[in-house]
Amino acid sequence: MTCMVFFVCSLYQMLLFLLLVTSCAAIPQNLSEKMFTFPEATGTAHAKLTILKQDFNALTVCFRFFTDLSREYALFSLAVPSFDNGLLFYKNLNSFAVSVRNTDSSFEGLDFKLNKWHSVCGTWSAASGLAQLWLNGEPSSRKLSSTSNINGPIIIALGQDQDSHGGDFQAKQSFVGMMSDLHMWDYTLSPCEIRKYMNDRSYANGNVLNWNSLEFQIKGRVLIENKQNTCQ
Ligand SMILES: *[C@@H]1O[C@H](CO)[C@@H](O)[C@H](O)[C@H]1NC(C)=O
């Protein structure tokens, strides 16, 4: 009898322990009013984001960033086993590129300046195959991209370009600067919703990645700091 009670009890404790361990490893953080600071060019430092959904037929990603880099760099890199650029937001010398399943769309002539906060949203849907990039409230042309779903397992890195699934970073493609307010939705946001995000008015948080409840791991020197636009 005692043995039985002991057994039940320790099994319960073990389950509780496992539950705590798994939930501790996955506790989301509220990064409201925070930013990630990427202070140096490396081939290693990045933020690795955890995402549950692994199959997308449409999506929107929005974030804000600040930099004085005048070379090319990766901002958001989502890789799947068969496509290192499952979804990539990349800044080229004179344009932005969005890649879906390794199909690149280049967006030219968007008004971009160094040393300013920029709000970016990218949308894509397999049904139309169209990708579009919004920068500071201005839409780009809508361009043909992939017409197939993005299938996981998904690995997302901020601040590095995955040239393979989860790795092959290059310092010369790394991001140096600050990034904030990253959200991802599994559908295309309406232009009105995108404008709300860009004006930082009340907008709906991402339903697959939410800056106010984000699961991530920091690798190397990436700092979580307060945004510098408020007095406290
Ligand atoms: C995150 O923090 C902000 C500001 O403190 C708060 O308004 C918001 O409700 C929080 N969100 C979540 C999901 O906890």
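Biologist: Is Tyr197 buried or exposed, and what is its relative accessible area?

Modeller: Tyr197 is buried, because its relative accessible area is 0%, where buried means under 20%, exposed over 50% and partly exposed in between, with a 1.4 Å probe and protein chains only. Please keep in mind that this is a predicted model, in which local features need pLDDT of at least 70 and side-chain atom pairs count only at pLDDT 80 or more, while totals for chains, interfaces and linings use all residues. Residues are numbered from 1 along each chain as its sequence is written, and side-chain values use heavy atoms, with hydrogens and water left out.

Turning to the rings, the whole structure holds 13 aromatic pairs, a pair being Phe, Tyr or Trp rings (for Trp, the six-membered one) with centres within 6.5 Å, called stacked when the planes are under 30 degrees apart, edge-to-face when over 60 and tilted for the rest. One of these 13 pairs joins Phe96 and Phe112, which are edge-to-face because their planes stand at 80 degrees, with ring centres 5.6 Å apart. Phe96 belongs to strand E7 (residues 95-100), whereas Phe112 sits in the loop between strand E8 (103-108) and strand E9 (118-125), so the pair ties together parts 16 residues apart in sequence. Tyr197, where we began, forms an edge-to-face pair with Tyr203, at 4.9 Å centre to centre and 70 degrees between the planes. Tyr203 counts as buried because its relative accessibility is 18%, and Phe96 counts as buried at 4%.

Ring pairs also link a cluster of Phe36, Phe38, Phe63, Phe65, Tyr73, Phe76, Phe89, Phe96, Phe112, Phe175, Trp211 and Phe216. Several of these names return in the largest nonpolar core, which has 56 residues and in which Phe36, Phe63, Phe76, Leu87, Phe89 and Met184 touch the most other members; such a core is a set of buried Ala, Val, Leu, Ile, Met, Phe, Trp, Tyr and Cys residues joined through side-chain atoms within 4.5 Å. In soluble globular proteins, nonpolar side chains tend to be buried together.

Secondary structure comes to 2 helices and 18 strands, taken as DSSP runs numbered from the N terminus, with helices H or I of at least four residues and strands E of at least two. Of the 232 residues, 45% count as buried, and 70% of the contacts with a separation of 6 or more are between residues 24 or more positions apart.

Beyond residues up to four places away in sequence, Thr42 touches Gln160, Gln170, Ala171 and Ser174, while its side chain reaches the backbone nitrogen of Thr44 at 3.1 Å.

Some backbone details complete the picture. Gly152 and Pro153 are joined by a cis peptide bond, with omega about 5 degrees, and Pro153 is in the loop between strand E13 (150-151) and strand E14 (155-158). Arg101, in the loop between E7 and E8, has a positive phi of about 50 degrees although it is not a glycine. Asp168, which is also not a glycine, has a positive phi of about 55 degrees; Asp168 lies in the loop between E14 and strand E15 (177-185) and is exposed because its relative accessible area is 52%.

Terms used: Polar contact = N/O pair within 3.5 Å; in protein donor to acceptor, adjacent residues only side chain to side chain. Contact = heavy atoms within 4.5 Å.
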